[in-house]
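Please look over the sequence and the model before reading on.

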Amino acid sequence: MKKFFYCVFASLFIITTGCASNGDEQSERNQEQINKNNTEDYIQTSASIVSEINSSIDNVLATLEEMKNQTEQSPDSTTDIQAIGKKLEENWDQIEKQVEEKYPEFYEDIERSLYPLIAEAKKDRPNVVMVKQLTDETTQKVKAFKEVISS
């Protein structure tokens, strides 16, 4: 009789430990899948943000080019310079928070010339020489930033 109970107890023990280890393996596989999905989501989100920033950077660069052309072709047209300055500010505002969060060093560098440019362009009588200088400086910084995030 003791042998019977021993065999039953040993069988139950083996079945229980086998089920428990199978559950642990399943749990590990589930956790690995969750980690993989989270990593893929992060990569897709990061790629999406970079793509959005790239697109908006193109808009900023186009507006800077427009400002440069305006100051070279019609430097006395203050209303056009003011309008382009406003447009530049709007384009930058679309991505400003994302750039500040993800690329704080570039954000600070770009804004050292961008905000003075916007402020100068908004004046009743913008200093065209200053606008040209700040436009060139900002364009170089934005292009350098675009190169880094595009690679």
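## Overall architecture

A helix, as the word is used here, is a DSSP run of H or I with at least four residues, and helices are numbered from the N terminus. Lys 102, for example, lies in helix α3. The model is a predicted one.

The secondary structure consists of five helices and zero strands. Along the sequence this gives the pattern α-α-α-α-α. The protein has 151 residues, of which 32% count as buried.

The label follows because partly exposed covers the range between under 20% (buried) and over 50% (exposed). Lys 102 and Val 50 are separated by 52 residues in sequence, and their C-alpha atoms lie 9.6 Å apart in space.

## Salt bridges between helices

Side chains of opposite charge can pair when their charged atoms come close. The structure contains seven salt bridges. One of them joins the side chains of Glu 66 and Lys 87, with an N to O distance of 2.9 Å. Glu 66 belongs to helix α1 (residues 2–73) and Lys 87 to helix α2 (residues 78–93), so this pair ties together parts that are 21 residues apart in sequence. Both partners count as partly exposed: Glu 66 has a relative accessibility of 31%, and Lys 87 has one of 38%.

Lys 122 is partly exposed, at 43% relative accessibility.

## A salt-bridge network

Asp 109 and Arg 112 form a salt bridge through their side chains, at 3.3 Å from N to O. Both residues lie in helix α4, three residues apart, which is about one turn of the helix. Their accessibilities fall into separate classes: Asp 109 is partly exposed at 28%, while Arg 112 is exposed, with a relative accessible area of 55%. Through salt bridges that share partners, Asp 109, Arg 112, Glu 137 and Lys 141 are joined into one network.

## A negative patch on the surface

Where on the protein does negative charge gather in a patch? The patch is on the surface and is made up of Glu 100, Glu 101, Glu 105 and Glu 108. Helices α3 (96–102) and α4 (104–122) are the elements that give two or more residues to this patch. Glu 105 is one of the residues found in helix α4.

## The aromatic cluster

The count of aromatic pairs comes to two. In the pair of Tyr 103 and Phe 145, the ring centres are 5.2 Å apart and the planes stand at 75°, so the arrangement is edge-to-face. The pair links distant parts of the chain, since Tyr 103 is in the loop between α3 and α4 and Phe 145 is in helix α5 (residues 128–150), 42 residues apart. Tyr 103 and Phe 145 are both buried.

The other pair consists of Phe 106 and Phe 145; it is tilted, with 5.2 Å from centre to centre and 50° between the planes. Phe 106 lies in helix α4 and Phe 145 in helix α5, so this pair ties together parts that are 39 residues apart in sequence. Which residues do the ring pairs link into a cluster? They are Tyr 103, Phe 106 and Phe 145. Phe 145 has a relative accessible area of 0% and is therefore buried.

Is Val 142 buried or exposed? This residue, located in helix α5, is buried, with a relative accessible area of 0%. Val 142 and Ile 110 are 32 residues apart in sequence, and the distance between their C-alpha atoms is 6.6 Å.

Key: Residues are numbered from 1 along each chain as its sequence is written. This is a predicted model: local features need pLDDT of at least 70, side-chain atom pairs count only at pLDDT 80 or more; totals for chains, interfaces and linings use all residues. Side-chain values use heavy atoms; hydrogens and water are left out. Patches are made of residues with over 30% relative accessible area and no salt bridge: like charges are joined within 9 Å, nonpolar side chains (Val, Leu, Ile, Met, Phe, Trp, Tyr) within 5 Å. Accessible areas come from the Shrake-Rupley method with a 1.4 Å probe; for residues, only the protein chains shown count as cover. A salt bridge is a side-chain nitrogen of Lys or Arg within 4 Å of a carboxyl oxygen of Asp or Glu. Lys and Arg count as positive and Asp and Glu as negative; His and the chain ends are not counted. The place of a charge is taken as NZ of Lys, CZ of Arg, CG of Asp or CD of Glu. Buried means under 20% relative accessible area, exposed over 50%, partly exposed in between (1.4 Å probe, protein chains only). Rings of Phe, Tyr and Trp (its six-membered ring) pair if their centres lie within 6.5 Å; planes under 30 degrees apart count as stacked, over 60 as edge-to-face and the rest as tilted.
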